[in-house]
Amino acid sequence: VASIRGRAHWSVRAFRILLALYPGEFRDEYGRELALVFADRYRDAPDAWQRARVWCEAVAGVVREAPKEHGRLLMQDLRYAARVLFRSPAFAITAVLTLALGVGANSAIFHLIDAVRLRTLPVRNPGELAEVRIVGGNDGFGINPGRYGQLPQPVWRELRAHQQAFSDLFGWSMWEMRVGEPSNLRRVTGLLVSGEFFPVLGVRPWRGRLFEPADEARECPAPRAVVSHAFWQREFGDRELTSDARLILNGETHEIIGITPPAFFGLAVGETFDVAKILCNRADVRRDVFDLSVMGRLRPGWTMDRASAHLEALSVGIFEATAPTGYSTRSIERFKKFRLGAYAASTGVSSLRKQYDTALQLLLAITGLVLLIACANLANLMLARSIAREREVSVRLALGASRTRLLRQFLAESGLIAGVGALFGVALAQVLSRALLWALSTTQSAPNLLLEPSWRVLMFTGAVAAATCFVFGAAPAIRATRVQPASAMAWGRGMTSSRERFSARRVMVVAQIAISLVLLVAALLFVRSFRNLVTFDAGMRREGITVAFFRLPAPIPPPERINQLHRQLLAGVQAIPGILDAATTTNVPLTGNSWGHGVRVGETEGSAMFTWVSPGYFKTMGIPIREGRGLTLQDTEASPRVAIVNEAFIRQLVTTGQPLGQTLRTSPEPGYPATVYEIVGIIPNTQYSNLRTAPPPMVFAPDSQNPNKGPSSAMMIHSSITPAAAAASVKRQVAASHPGTILEFMEFQTRIRDGLVRERLMAVLAGFFGALAAVLAMVGLYGMISFAVAQRRQELGIRLALGALRSQVIALMMREAARLLAIGIAIGTVASLLAAQSTATLLFGLTPRDPVTLIGASALLTAIAALASFLPARRASRLDPVTSLRQE
Amino acid sequence: MSPRRAAEPDPDSFLPLPRDTFHILVSLADRERHGYSVMLDVAERTDGALRLSPSSLYASIKRLLGQGLIEELDERPDPRHDDQRRRYYRLTRLGRRVAVAEGRRLERLLSDARATGLLPEEG
């Protein structure tokens with residue numbers, strides 16, 4: 001150990017290296033002493049064992065104490081930063097609020113994205129879940145009710161019997177059901193589940209018991225139901241579940257056997273269920289109704305690819321065995337070519353996802369850009385402050401403070417602002433995300449989403465805040481600490497580096513203008529798109545229309561009687577005072593539903609949407625007959641089949657000759673044999689299932705000739721009285737003439753508006769953020785020109801003293817703004833054109849690169865910029881030359 | 001009111017002292033010492049039960065300096081060790097008052113413990 005005296009012993013050198021863990025200040029102050037003490041102890045240790053102990057203790061001590069020193073220093077920096085910020089509360093409050101808003105908006109949107117698509121289902125091991133679907137979908141084959149139907153029931157049963165890929169498999173579907181007495185029916189959401197559903201998902205009953213495989217083997221349909229916790233609370237309050245708990249479901253009394261736990265909402269994210277029934281194992285089930293969703297848990301060791309390959313191999317046999325009858329040979333061949341595949345399902349299914357994915361991602365991008373503009377503003381403010389603080393910095397440098405120390409202090413300031421801003425932002429996000437959810441609600445439904453903060457949301461917010469802090473804090477901090485100590489001696493204005501720093505502010509203003517333009521373009525696109533949709537002429541009457549859904553009471557009358565009853569109901573409704581017209585239809589337009597058949601006109605084949613209506617339909621809906629005739633009471637079941645088609649039908653399917661008098665032949669489907677209709681009339685194109693998609697070929701045929709009449713139908717009622725009054729009168733009238741008939745009403749216009757909730761959301765939010773961006777850019781430009789005026793006070797004073805006109809001074813200052821604006825708009829235009837394509841799927845009635853929108857946004861921004869620079873420029877022109885010169 | 005010395009903080013406001021801190025103050029009570037000397041003294045008085053690591057020692061010293069309980073003297077070599085120059089520390093007036101106050105506090109605690117019979121009477 002003698003070598004300790006001469007060249008340092010290796011252990012001391014190693015210890016010195018270890019001291020690098022300490023902050024520089026501490027090391028400078030105590031590093032030598034620490035090493036000395038260590039060397040003393042090491043030397044005094046009597047043996048190798050003790051020396052090892054000394055070494056270990058020293059290392060442990062450094063590892064323990066160094067982070068504490070860093071912490072102390074950080075607290076010291078933060079305290080100093082807090083004091084500095086308290087001295088300029090206006091700046092601090094502006095900065096914190098700006099960030100809170102920016103971070104809050106981002107976090108709120110991410111919150112929603114998290115809830116809609118990232119969160120896994122609240123079931124046991126959701127990661128193991130996989131869904132079985134037809135690869136590429138069934139392309140509209142057969143009947144596709146509900147949002148989550150993928151497979152027909154026979155396919156599911158074959159699959160369950162033969163597959164090896166899943167250790168457990170279950171089928172489920174979602175249906176609208178009705179509970180209560182006929183006089184007081186309420187719509188509820190029902191689940192039909194196979195016996196494996198609850199056990200495989202690992203859902204434990206809250207009360208009673210849930211369905212199990214044995215339930216499927218019992219009588220069918222089974223008079224038993226499981227209800228959700230929320231439904232139980234709503235219907236039965238705090239009552240305990242007893243064996244005599246009953247529920248009238250779709251007109252039949254059911255025993256309630258159990259209640260699901262509060263957290264379980266089913267498998268459809270954003271929705272919830274009220275009642276679950278066991279899936280009935282009926283031999284006569286239709287083979288062309290794709291109503292089931294099939295999910296399961298993969299066997300250990302099976303990948304999604306292996307499962308898909310297995311399912312594909314099984315597909316031929318399954319679809320061969322379950323092929324429906326009553327279709328054309330071609331259709332059946334199509335059915336037999338379907339192939340099954342396995343898809344990850346840990347996050348469940350969600351119609352919200354399909355509907356809002358693009359919208360939410362765009363909104364996240366938009367709020368991200370707004371935050372960027374806000375950061376640019378803050379960076380500008382910080383730069384302005386750093387110029388104002390040059391003297392403080394140079395004095396401290398001259399007094400021996402290290403640059404890293406100063407840098408850290410500046411970063412502590414921005415870190416403090418970002419941190420406090422993020423905290424407020426997180427709180428704000430809770431409110432904003434709930435407001436967003438509320439904005440997604442319609443008169444029909446509200447999304448049922450769990451909006452509790454997850455680690456993903458917190459990480460996201462933290463990352464946003466850190467990035468924010470870096471963006472607005474780093475540049476000013478680095479620049480501020482580049483000050484030369486010597487400049488501390490140069491009292492007065494005219495610091496050497498202010499010109500350069502000023503150009504950094506210019507870059508930021510240009511960036512702000514460019515980003516604002518992108519956001520304004522987006523805002524205008526969405527607002528105009530929404531306006532287009534709201535004012536869009538769907539080709540039919542929308543105001544004053546009430547839709548009544550009715551269902552004749554059981555027992556279901558024979559088909560010929562059904563038509564008669566419908567006619568009687570219609571006549572009764574038409575006779576009510578205040579009701580101008582009424583007509584029945586098998587399909588209500590603009591509500592998302594559709595019904596199509598394959599057709600052939602001459603040699604041309606295709607498909608068309610079919611609606612069977614009563615004769616008054618076109619008059620009720622205000623649809624003119626372009627050519628030929630409308631439908632009349634003379635078109636009966638006995639008379640030749642006739643059809644009215646729309647112009648899209650003529651364009652796509654009638655390729656030769658005069659359309660009137662030509663015939664169309666439908667392909668056979670179960671319940672709908674191949675039929676030949678004569679085209680007797682033509683109507684203009686009207687929107688079909690929604691406002692957005694182009695009208696498909698459409699066929700309207702008389703309800704009397706509907707081959708598959710059912711007890712349910714819809715009635716479109718045009719009234720001069722309010723929809724509510726019309727509904728009440730109709731209800732009274734029908735109750736008197738046809739007691740037991742189930743009636744439900746909706747306001748046509750309201751329902752159409754409900755379908756525009758996404759567009760409304762985009763318009764409102766993009767509009768809001770666009771406006772916010774414009775305001776922020778305006779503040780940025782205003783601040784920069786004001787600052788320039790303050791910097792050039794002396795020069796401007798001299799100019800004015802030498803006889804410059806006020807208008808010349810204004811022009812001088814505004815020229816600068818105009819140059820920045822021009823560059824910003826040029827960059828923004830290019831960026832808008834590049835980014836525009838992402839909005840394409842959400843727009844209606846205008847293209848993403850709509851020139852009018854682009855020009856409009858540029859003009860708006862120019863006007864704003866002119867105002868923002870005129871105000872400080874005018875102030876410059878009013879400088880008193882004497883005062884401004886004397887100030888020097 | 002008689003004029004008092006420029007606002008010296010109340011010694012009681014530092015109490016109770018962390019264990020390491022009190023030991024360091026005690027070892028500086030009789031004379032000024034450098035870091036290693038403090039460490040040796042503490043180890044000796046506690047029969048090796050309290051072994052300060054260099055890191056924790058200097059963390060305490062830094063804090064005590066900041067609180068004004070000790071002060072730094074010029075660097076000079078310690079003839080008993082080697083010829084390296086070392087930094088010496090000594091108690092300030094305030095440091096002494098704080099150490100005394102802490103000692104009193106412990107004394108009271110001890111006599112309370114004796115009065116309740118928890119500890120045997122001194123004898």
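Predicted model: local features only at pLDDT ≥ 70, side-chain atom pairs only at ≥ 80, totals over all residues.
Over all chains, a search of the whole structure finds 33 aromatic pairs.

**Aromatic pairs**
- The ring centres of A:F335 and A:F338 lie 5.7 Å apart with the planes at 65°, so this pair is edge-to-face, a term that applies over 60 degrees.
- Both A:F335 and A:F338 are buried.
- A:Y617 and A:F618 also form an edge-to-face pair, because their planes stand at 80° and their ring centres are 5.7 Å apart.
- A:Y617 and A:F618 are both buried.

**Charges over rings**
- A:R207 has its charged end over the ring of A:W206, at 4.0 Å from the ring centre.
- A:R306 lies over the face of A:W302, and the distance to the ring centre is 3.8 Å.

**Nonpolar surface patch**
- A nonpolar patch on the surface consists of A:Y782, A:L867, A:F870 and A:L871, which together have about 320 Å² of accessible area.
- Helix α24 of chain A, residues 851-877, gives the largest share of the nonpolar patch, with 3 residues.
- A:L867 is located in helix α24 of chain A, and its relative accessibility of 44% makes it partly exposed.

**A residue of chain B**
- B:E121 is found in the segment after α4 (93-115) of chain B.
- B:E121 counts as exposed because its relative accessibility is 60%, and the cut-off for exposed is over 50%.
- The C-alpha atoms of B:E121 and B:S111 are 8.7 Å apart, while the two residues are 10 residues apart along the chain.

Technical notes:
Residues numbered from 1 in each chain as written. Chains lettered and ligands numbered in written order. Heavy atoms only, no water. Helix = DSSP H or I, 4+ residues; strand = E, 2+ residues; numbered from the N terminus. Buried < 20%, exposed > 50% of the residue type's maximum accessible area, 1.4 Å probe, protein only. Patch = residues over 30% accessible without salt bridge, like charges linked within 9 Å, V, L, I, M, F, W, Y side chains within 5 Å. Areas by Shrake-Rupley, 256 points an atom, 1.4 Å probe, with all protein chains shown as cover. Salt bridge = Lys/Arg side-chain N within 4 Å of Asp/Glu carboxyl O. Phe/Tyr/Trp six-rings, centres within 6.5 Å; stacked < 30°, edge-to-face > 60°. Lys NZ or Arg CZ within 6 Å of the ring centre and 35° of its normal.
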